[in-house]
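Please look over the sequence and the model shown here before reading on. The report after it is written for a reader new to this structure.

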Amino acid sequence: MSVLKEWIFTTDHKRVGVLYLIGSLAAFAVAGLMAILMRIELSSLGPTLTANPAQYNVWLYFHGAAMILGFQIPALTGFFANYTIPLMIGARDVAFPRLNAFSVWLFYAGIVLALLTFVVPDPPDVMWTGYPPYSTITSGNTALYTFTVLLLGFASILGGVNFLTTIAYMRAPGVTWGKLNIFVWCTFGAFIMQLVFVPVLGTAVTLITFDKYLGTNFFDPSKGGDVLTYQNLFWFYSHPAVYVIFLPYIGVVFEVVATFAKNHVFNYKMVVAGICGIVLVSGEVWVHHLYVSGMADWIRIGQMITTLLISIPVGLMVIGLVGTLYKGSIDFRTPMLWALGVVFLFLIGGLTGIPLAIPSLTLHLSDTYYVVGHFHYVMAVAGTFAIFGGVYYYFPKMTGRMYNETVGKIAFWFTFAGVNIVFWTMMDIGLDGMPRRYFDYAQFPQFQSAQQFMTFGAGLIGVGFALAVVNWIHGALRGQRAPDNPWGSKSLEWTTPTPPPPSPGREMPVITADWHPYGYGDRGEGATQPAPASAGA
Amino acid sequence: MSGTLERLHRLAGYAAIVPFSSTVFGAQPFDDPARGWDRLWYDVLVDISVIGIAFALVAGYFVWRYRRRAPDQQGSSPRLSTAMAVGWVVVPTFVFMADDFFLAANGWKLWNDYRQVPAERLEVKLESGMYAWDYTYPNGVKVQNELRVPAGRPVMLRMTSRDTIHSHFIPDFRVKEDSMPGRVTYLWFYPDKPGEHVVTCAEYCGIMHSYMSGKIIVLPAAEFDAWYQQQAQRIAGSNRTKTPEA
């Protein structure tokens, strides 16, 4: 009982991080189950699991909302940021530990609200986007959607305040801006975007609830409102939200790739410039989500150009990632396998986004399976692979034990085969006109065999992720004892004892002048691993 | 996959024929956006495939070539000189930017084809509602879910909605646009030969969203005219029979 109390009331950044991980994996499990249900439903024409489209729409809503707001963002900016950043920058804890504890409480409250979807008689069915007028006239519970978004949004804002302050002011002497881990830079960029854009999302979802329950008319054209205002507000946040997911996940991949290639990050400053570039353009591209929404022609063309220009910072980051492999010493351990999987998936996902930057091509592609396939490759699946690889990477540090290498690799290959079967096929039939968010597809009977193939792929994904998680549970309970630094990383989070002791009594590393988080090989010549100083030094 | 290959073959055919037919024979004073779409898609597909395969080959080669051979072997990437470091930013930036502007220019050209509606069009009003498409022809004839149009004449839809947002998607003509309450949007397409084409809703509009579909029936011009006159007379007839009662 006291252990439970210790965890609930903890202000220790590592425990807050682990709480974020457990909550987000719970959201992932339920939202993943929804995806499996949808795939079974679509495996044959006509009703399969349920004859009620409303039921299917609730699965669809929960899958999208929970995967993005309940799993990816909290796992990346909640778990990874909390667990690793204070250790990476040599800080004793985050700047505001109590605020941090409060943010994880808000996050759990948000998860509980989201799960109420399966309890209330009128579950929300507004997709994760909540477009009015549908969201203001549906019999579904739009308020539940609004308050879920608000709670998770507040958790994120508190995290943003906390981590921007921590990274800016609490770095240990010697950890300069030029010696920050790429993941720390990525999180810094992600939280700048969260602070700027989350309030806009909060405004948008609050206004639909006002419209539906309090009789205001922000989005009702018959009373002077405008339906497009919502879409602009929503995507003004939700496109940057893609980078709030992308930056930390690619940051995790940089950490894993540098460690398992035992190599300096290729052209470090170029990668940092790429991160800054993404933050700068993130707010000027949202109209590419509205290419068929009836926006003015001039802004559709204008944002075609800004959207295409995203390829520059993203391209620089990919060059940095692939360049880090050059003359490396690559060890194919489980975390590295997942990270290399991300490089492959991101290449497909990123490049298939280029047609979607062009409004004339989007007139056909928008709202089809092509879009769904694209964003699963680029954000959903690549991000999840990075999260799984990252959890495998930090697993020995968190638990003090090793996972099973063979099972970890088998889990990877199952998942990797599954996602390519599902999402490549999805893009292919999307190109032939299969619209997204369909419960049934009587007008497109020719796609039935492709749908069945995707359902088969979804089964592989389910087996793969389940194996990966079982491997963690087994490893945490029965695995071999892990050394403090099993991967031989030069980064500061690996200099702590395993598992890292609670913040107040922790011995702080001493950082030498020639230390660098990626100081391998020639770069490490003369550089010494920071030695733990005695307590209070 | 077979769908993709088939499409590539079809596109290669278009790429050879279409510029020829429109310049030499001068059959129509406008470019059919659907064919322009197929051509631009082909160009973009080649573009992204080249970039993707180049990156994948380099990454794959590195992964194979620099695999760890001894347990405590370290990486040995060279330190970049300032010139090299700047060069690795500037050169890719210009390459990517050049490609971006190439794609933007082509995308913009096709965009203008999509948004400039030829003058000799048939203009039909569309009101969408949960879960049907209601079309009104210039002469007042109303039809639901089945739009008959003549072959060889551009068709424009002026669209609005009476409830939620819908999107009028005709996959065969490579076009869709949302219809929504309080605003009027438009799209046009060129039905060049007789046939039937699926229309389906592409914007989530409610519980029965996936059942909101219809079709566009392209008739030979003479056959369409006959049908159109007949419908017009039926309206006139029903108006005449009503008038004495009023």
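This is a predicted model: local features need pLDDT of at least 70, side-chain atom pairs count only at pLDDT 80 or more; totals for chains, interfaces and linings use all residues.

Residues are numbered from 1 along each chain as its sequence is written, and chains are lettered from A and ligands numbered from 1 in the order in which they are written.

Chain A brings 72 residues and chain B 70 residues to the contact between them, where two residues are in contact if their C-beta atoms, placed from the backbone, lie within 7 Å. On the side of chain A that touches chain B, α11(A) gives the most, with 8 residues; helices are DSSP runs of H or I with at least four residues, strands are runs of E with at least two, and both are numbered from the N terminus.

Within chain A, the axes of α2 (residues 13-42) and α17 (residues 448-478) come within 8 Å and cross at roughly 155 degrees, the axes being lines fitted to C-alpha atoms over the stretch in contact and the angles running from 0 to 180 degrees between N-to-C directions. α2(A) and α17(A) are therefore roughly antiparallel to each other, a term for angles over 145 degrees.

| Helix | Residues that meet the other helix, among them |
|---|---|
| α2(A) | A:Gly32, A:Ala35, A:Ile36 |
| α17(A) | A:Gln451, A:Met454, A:Thr455 |

Chain B holds 4 helices and 10 strands, which run α-α-α-β-β-β-β-β-β-β-β-β-β-α from the N terminus on.

Definitions and conventions:
Angles under 35 degrees count as roughly parallel, over 145 as roughly antiparallel, 65 to 115 as roughly perpendicular and the rest as oblique.
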